[in-house]
Amino acid sequence: MNHDADGAELLTIGAFARASRLSPKALRLYDELRLLPPAHVDPVNGYRRYAPAQLERARLVAWLRRLGMPLTRIREVCELTPDTAAEAVAAYWAQVEADTAARRDLAAFLVDQLQRKDTTPMTASATPLTMRYAARTDRGLVRAANQDAAHAGPRLLAVADGYGPEGGRAAAAAVSALQHLEDAPAGTDPLSALEEAARRAHRAHRAAPTADEATGSTLTALLRAGSQLALLHLGDSRAYVLRDSGLFRITHDHSLVQSLIDEGRLTPEEAPSHPQRAQLLRSLDGGSPFTPDLQLLDARPGERYLLCTDGLTGVVPPESLQEVLTAAETPEQAVTDLIALAHAAGAPDNVACVVADLHPADAEVPAA
């Protein structure tokens with residue numbers, strides 16, 4: 001067979017590759033994936049031949065690959081009408097730009113971390129630190145009860161966002177389970193101590209008579225040990241650090257919406273209105289395994305840390321967080337101003353904020 005149904009002469013794979021700007025190797029792969037099957041395959045020698053009418057689809061595939069679109073998504077786009085395909089490409093590119101911005105922030109944080117390790121003398125990295133801190137929770141303007149919990153102390157910072165019929169109890173219990181770490185002996189491994197305390201809280205929750213998958217809590221905590229901060233994170237509460245180089249988010253949401261964003265199936269702009277935006281993939285609850293994110297951070301004097309629940313980040317953009325954290329003279333003023341921002345945005349959810357400043361242990365701490 002050397003002609004298609006319209007009488008046009010079929011192209012060899014080499015000729016089709018040149019015309020479509022796709023390599024023969026790529027064409028063989030796309031045939032295997034049923035993305036771009038040839039019009040005819042010789043039953044004897046297996047030679048592939050393509051119809052000229054297939055060039056439009058082939059060129060679209062080539063362009064989409066140049067955009068970096070995954071093959072599975074390209075196959076979906078190729079089956080759409082032109083108008084719908086255009087919308088799909090626009091949505092994909094919006095997601096690429098959002099992902100690039102998120103990676104840019106992460107890259108900036110990592111560059112900052114590495115540069116500080118290289119340029120800061122060893123004596124500075126071991127400088128004894130102290131914290132000035134403040135914590136506050138707020139019911140918001142819509143919810144009937146406050147199910148958020150927060151703690152700020154000389155060594156421990158923590159926020160928790162409860163959900164379900166006993167969410168307030170779950171959040172309070174999660175934070176309470178960590179508070180003994182304020183008095184942990186010198187030399188205690190902060191990351192192991194934080195993980196074990198949270199694990200006990202998870203076990204206690206699962207063993208409670210009222211435990212079920214409908215009730216649970218997020219948990220985000222920082223434990224200071226010398227010049228290091230141990231970070232534990234479960235759920236969609238968040239932790240940020242403000243430095244001279246900017247505000248960096250140091251946690252990643254464990255939510256269905258975030259997973260859809262990570263997979264390119266949802267844009268950050270669509271997330272706030274998604275019907276399952278509150279669904280968590282990890283938390284302290286009666287049905288999930290205990291799988292927290294754990295990280296050890298090098299702390300420096302002059303840094304300001306923010307821990308908060310999604311009642312704040314769901315309505316206040318990062319640039320506004322940075323403005324308040326930069327302008328507030330004290331942690332007390334910062335938490336007050338942040339909750340005021342949430343109220344100005346309607347405060348549809350409970351809000352918990354913890355702000356802490358790091359100072360050299362022998363320095364005079366600014367007055368409130």
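Helices α1 and α2 pack at an angle of about 100 degrees, and their axes lie 9 Å apart. Axes here are lines fitted to C-alpha atoms, for helices over the stretch in contact, and angles run from 0 to 180 degrees between N-to-C directions. The angle makes α1 roughly perpendicular to α2, a term that covers 65 to 115 degrees. Ile13, Phe16 and Ala17 of α1 meet Pro24, Leu27 and Arg28 of α2. Contact means heavy atoms within 4.5 Å. By class, five of these residues are nonpolar, none is polar and one is charged. Ala, Val, Leu, Ile, Met, Phe, Trp, Tyr, Cys and Pro count as nonpolar, Asp, Glu, Lys and Arg as charged, and the others, Gly among them, as polar.

This is a predicted model, in which local features need pLDDT of at least 70 and side-chain atom pairs count only at pLDDT 80 or more, while totals for chains, interfaces and linings use all residues. Residues are numbered from 1 along each chain as its sequence is written, and side-chain values use heavy atoms, with hydrogens and water left out. Helices (H or I, at least four residues) and strands (E, at least two) are DSSP runs, numbered from the N terminus.

Stay with α2, residues 24-32. Ala26, Leu27, Tyr30 and Asp31 are buried there, meaning under 20% relative accessible area; exposed means over 50% and partly exposed in between (1.4 Å probe, protein chains only). Seen down the axis of α2, the buried residues fall within an arc of 140 degrees, so they line one face of the helix. That arc is taken from the directions from the helix axis to the C-beta atoms. The general rule is simple: an α-helix has 3.6 residues a turn, so residues three or four places apart point the same way. The buried residues of α2 pack against α1 (13-20), β3 (48-50), α3 (55-67) and α4 (71-78). On the face turned away from the buried side sit the exposed residues Lys25 and Glu32. Just after α2, arginine 34 takes a positive phi of about 60 degrees.

Next comes a sheet. Three strands form an open, antiparallel sheet in the order β1-β3-β2. Two strands pair if DSSP finds at least two bridges between them. The edge strands β1 (11-12) and β2 (40-41) each pair on one side only. Two bridges join β2 to β3. Histidine 40 has arginine 49 in β3 as its bridge partner.

Now move to β9, residues 228-234. Six of its seven residues are buried, so β9 is largely enclosed by the rest of the structure. Strand β8 (219-225) pairs with β9 in the antiparallel sense over seven bridges. The two form a hairpin with two residues between them, and glycine 226 in the turn has a positive phi of about 65 degrees. Alanine 225 bridges to glutamine 228. β9 also pairs with β13 (293-298), antiparallel, over six bridges. There, leucine 231 stands opposite glutamine 295.

A further open sheet has five strands in the order β4-β15-β14-β10-β11, with antiparallel pairing. β4 (129-138) and β11 (246-249) stand at the edges, each with a single partner strand, so one side of each is left without a neighbour in the sheet. The twist averages 20 degrees from one strand to the next. β10 (238-243) and β14 (304-308) pair over five bridges, and arginine 238 partners cysteine 308. Helix α11 (318-327) packs on this sheet, touching β10, β11, β14 and β15 (351-360). The direction of α11 makes about 125 degrees with that of β11. Helix α12 (331-344) lies across β4, β14 and β15, running at about 30 degrees to β4.

Key. Angles under 35 degrees count as roughly parallel, over 145 as roughly antiparallel, 65 to 115 as roughly perpendicular and the rest as oblique.
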